[in-house]
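This report describes selected aromatic contacts and one surface patch. The sequence and the model are shown first.

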Amino acid sequence: MNKNILAVNIGKIITLGLKCFHFGSGTSMPGIIAQKISKRILSDLVNQTQKEIITVTGTNGKTTSANFISAILKADGRKVAHNSKGANMLTGVTTAMIENANFWAKINADNSVLEADEAYLQVFADYFCADYLLVTNLFRDQLDRYGELDTTAKMIKKAIDKFKMQSYEFTHHLVNPQIFTTILNADDPGVQSLADENTVFFGFEDIKFSFEHKQTQGEAAFCKCGKNYNYSKIYYGHIGHYYCSCGIKRPETYLLATADIYVDYSVLHLENKQNLEKFDVKVNMPGVYNAYNALGAITLAVKMGINSNIIKEAFDSYKTVFGRAENCVVEGKNVLIQLIKNPVGAGEVLQTVNDDPNARILIIINDDYADGRDVSWLWDANFDILKNYNKPIIVSGKRYADMAVRLKYAGISSKNIILEKDIKKAIKFSVKNTLPNEKLYVLPTYTALLKMQKIFKHNN
């Protein structure tokens, strides 16, 4: 039997078994076994894609951005292969492609949309040639895995160089080749530094908030000349309009964009500079960070030639991914689940929570490999924004004690910090003590989110 066929079918059997016996989400194990059976499985599956292969990376917003892109492509009538669950390392992407394959190891997909871990992106470049790469942002994240920002940027740059070389080798003989193109965040100086001659930028000319938006502290942004960037506008962290005395500044964007940010949603006002078409898109997710995720996806879609009406239709019908600003109802109570994993991202999420007078809070902190073993980022995150919050805060997960200490130093009274290491018990307690007119905000790290997903599925 062909090794790829065997790998796909064994992978599907493993996925079915894991789901039937509630052994987890099944996002990695099928890929692990399939890779052992056939070293070429990922390459052979992805390269069956009929049209563009799209990759998405960056510190925050990868999963949401990739899901926005997938939703737009599907609204355009395309068949999409996508690692929608956010498993973005080699085995996770392999598992996703197996799920999209038939029993003969064939993929019927117009596009592949593949979210990639920053450190694994250059590995993926050894397996397939992407047509587009969207980079969301660069923040300090999991220092034990990625190191400082310049290290992460260098990882992505190596991947870009590999994709560019492959693009040239695969398409230079074609009459109308698709040249590898990067879609970069113009408002992030670290991302902007990755640009080359085939780069399209996205960013906001202006952002207005309907509520008091406190600036979250970001990492110092340094120009390649060694000087600190100056800013005319800062939207969050180090994201904004920057410039340096050496002449480097925020680049021009593909779309002219502004945004109105409300507590539960945002409205993007867009103009296509190529044909001067103006259109608005409503993003039914909270936070300025999700406005950026949407803008990156929209810019890519417009660059690919997708009609603005299709884009608006996709966002009107978009359903959030589990744990990414997802609203749900648990035992009759309103619950919003939002992943946190680094200082700036957590700060923006906490600001959204703080703006809701009816908020209840459950924070779940793990330190498994996918979370990052180093939880010192808790001290850089702006938990101080909750200092006037006078309701109990439940903390859970493997590092619940660290989280409790951080809240105490943020000014939260000890009597308002409730400790429950067991995640299942913490969820049950939190839901029970949330009043009908309140919303429970659950803020988990990545592996805690996976644990929650398993608990919720089992209960259903």
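## Aromatic pairs and their surroundings

Phenylalanine 163 and phenylalanine 180 are both buried (under 20% relative accessible area; exposed is over 50%, and partly exposed lies in between, with a 1.4 Å probe and protein chains only). The model is predicted: local features need pLDDT of at least 70, side-chain atom pairs count only at pLDDT 80 or more, and totals for chains, interfaces and linings use all residues. Residues are numbered from 1 along each chain as its sequence is written, and side-chain values use heavy atoms, with hydrogens and water left out.

The whole structure holds 12 aromatic pairs, in which ring centres of Phe, Tyr or Trp (its six-membered ring) lie within 6.5 Å; planes under 30 degrees apart are stacked, over 60 edge-to-face and the rest tilted. Two of these pairs are tabulated.

| Pair | Centre distance | Plane angle | Class |
|---|---|---|---|
| Phenylalanine 163 and phenylalanine 180 | 5.3 Å | 35° | tilted |
| Tryptophan 379 and tyrosine 409 | 5.5 Å | 70° | edge-to-face |

Ring pairs also join Phe163 and Phe180 with Phe124 and Phe128 in a cluster.

Tryptophan 379 is partly exposed, at 43% relative accessible area, whereas tyrosine 409 is exposed at 62%. Together with Val405, Trp379 and Tyr409 make a nonpolar surface patch of about 350 Å². Such patches comprise residues with over 30% relative accessible area and no salt bridge, nonpolar side chains (Val, Leu, Ile, Met, Phe, Trp, Tyr) being joined within 5 Å and like charges within 9 Å. A salt bridge places a side-chain nitrogen of Lys or Arg within 4 Å of a carboxyl oxygen of Asp or Glu. Accessible areas come from the Shrake-Rupley method with a 1.4 Å probe, and for residues only the protein chains shown count as cover.
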